[in-house]
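Hi,

Here is the structure I promised to pass on.

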Amino acid sequence: MYIERLKRDFTVLDKNNFISHAGIYGYSKLLKKEIQQNTLEAIRLSVENDIPFECDIRGTKDNIPVLSHDDDITLKNGEKIKISKLNYEDILKIAGSEAPEPLEDALKINSGRVPCIIDAKEAKFFLYSQYRKNLANMLNHYAKMGEVALQSFNPAFMLVMRGHLKGVLTLQLVCRAQTVLSVFKAPKRAANIYEKMVSFVCFIARTDAINMENHDDKSWKFSTRAFHSDEFYNTVEEIMNTLNRGSDKIQYLLVKMVNELTKKPVLAFTVEKDEDFKCIEGNLISNYIADFNYLGVEGYIEKIKNLKI
């Protein structure tokens, strides 16, 4: 079902690999200033400390991939700009030093030193999209010198992109169960629909691996405790029978289904607590995108380095 496209191994799929989320950011005691996420400065700190990084990108009106999680940006003076509605030169004129920086510059800083994951927030997946072409050409060129992965929540975008990427790892982002529960009232119905929906999404995208978005909610905390049981498969049925929250059941079904369907690694996304960094039995999750910005820059770096040891 899944096409093997990779010609070489990727260390981003190694067991116990820890990846910085949007670079290393937070308050730096040494630099005496706040480092912003998704900036060249945040990425440089990750690279210089030998820590793989993930970063978010958006496309400008003239199809230039830039580092930003959101399309809308509010400047310090209160002025708001929309990245997708402006050419990059115009963004520079309006935002100055607050303008989002080009992805190309981030890749130049890295130059193959550490693996990196690019999270495309855009939904531009049309066949002749210039943005798609620019991004594919940029990543294909970079893949000759270093390990790079592309991920998105949009399976259609990943379907189109994977056909134009060479040596670039592809990841399908999957949302957490809580998102689906907000739509459906009946947990059993929600679980069945969500399981089928995710299967369909993953089948469409046919990526090399799955990146499962997990946030610090009650459902995820309970699920990780269940997954970390020494008798995982023997206790799952008992655990599920005693659960009151349908989201926990969906969380289990999702991870188990994705793992069985793809036989590929699943990456845990944006985890912050120590208990989230235990390896799930059977290598179900082999990588972690870690966010410790609340510890400050130096604490963030020290935490990840200790986890890598």
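This is a predicted model: local features need pLDDT of at least 70, side-chain atom pairs count only at pLDDT 80 or more; totals for chains, interfaces and linings use all residues.

Residues are numbered from 1 along each chain as its sequence is written, and side-chain values use heavy atoms, with hydrogens and water left out.

Cysteines. Searching the whole structure turns up zero disulfides, a disulfide being a pair of cysteine sulfur atoms within 2.5 Å. For C55, the nearest cysteine sulfur belongs to C116 and is 6.7 Å away. C55 is buried, with 0% relative accessibility, and C116 is buried at 1%. Here buried means under 20% relative accessible area, exposed means over 50%, and partly exposed is in between (1.4 Å probe, protein chains only).

Salt bridges. Side chains of opposite charge can pair when their charged atoms come close. I count a salt bridge when a side-chain nitrogen of Lys or Arg is within 4 Å of a carboxyl oxygen of Asp or Glu, and that rule gives four of them. D71 pairs with K82, the closest N and O atoms being 3.5 Å apart. This pair links distant parts of the chain, eleven residues apart: D71 sits in the loop between β5 (65-67) and β6 (72-74), and K82 in strand β7 (residues 80-82). (Helices, H or I with at least four residues, and strands, E with at least two, are DSSP runs numbered from the N terminus.) D71 is buried at 11%, whereas K82 is partly exposed at 32%. K82 also forms a salt bridge with D72, with 3.2 Å between the closest N and O atoms. D71, D72 and K82 are therefore linked in a network of salt bridges. Elsewhere, D119 pairs with K121 at 3.1 Å between the closest N and O atoms, and D119 is buried, with a relative accessible area of 1%.

A loop serine. S129 lies in the loop between β8 (116-120) and α4 (130-143). S129 is buried, at 12%, and a polar atom of its side chain lies 3.3 Å from the backbone nitrogen of Y131.

Rolling a probe the size of a water molecule over the atoms shows where empty space is left. On a 1 Å grid over the protein atoms alone, a pocket is an open set of points where a 1.4 Å probe fits, with protein on both sides within 12 Å along at least five of seven lines; lining residues have an atom within 4 Å of a point. The largest pocket has a volume of about 630 Å³, volume being the space filled by probe spheres set on the points, which are joined across faces, edges and corners. Its lining has 22 residues, with Q36, Q37, N38, T39 and E98 nearest the centre. β3 (33-35), α1 (40-48) and β6 each supply at least two lining residues, and β6 gives the most, with three. By type, the lining of the largest pocket divides into seven nonpolar, eight polar and seven charged residues. Nonpolar covers Ala, Val, Leu, Ile, Met, Phe, Trp, Tyr, Cys and Pro, charged covers Asp, Glu, Lys and Arg, and the others, Gly among them, are polar.

Cheers

Technical notes
A polar contact is a pair of N or O atoms within 3.5 Å; within protein, one must be able to donate a hydrogen and the other to accept it, and residues adjacent in sequence count only if both atoms are side-chain atoms.
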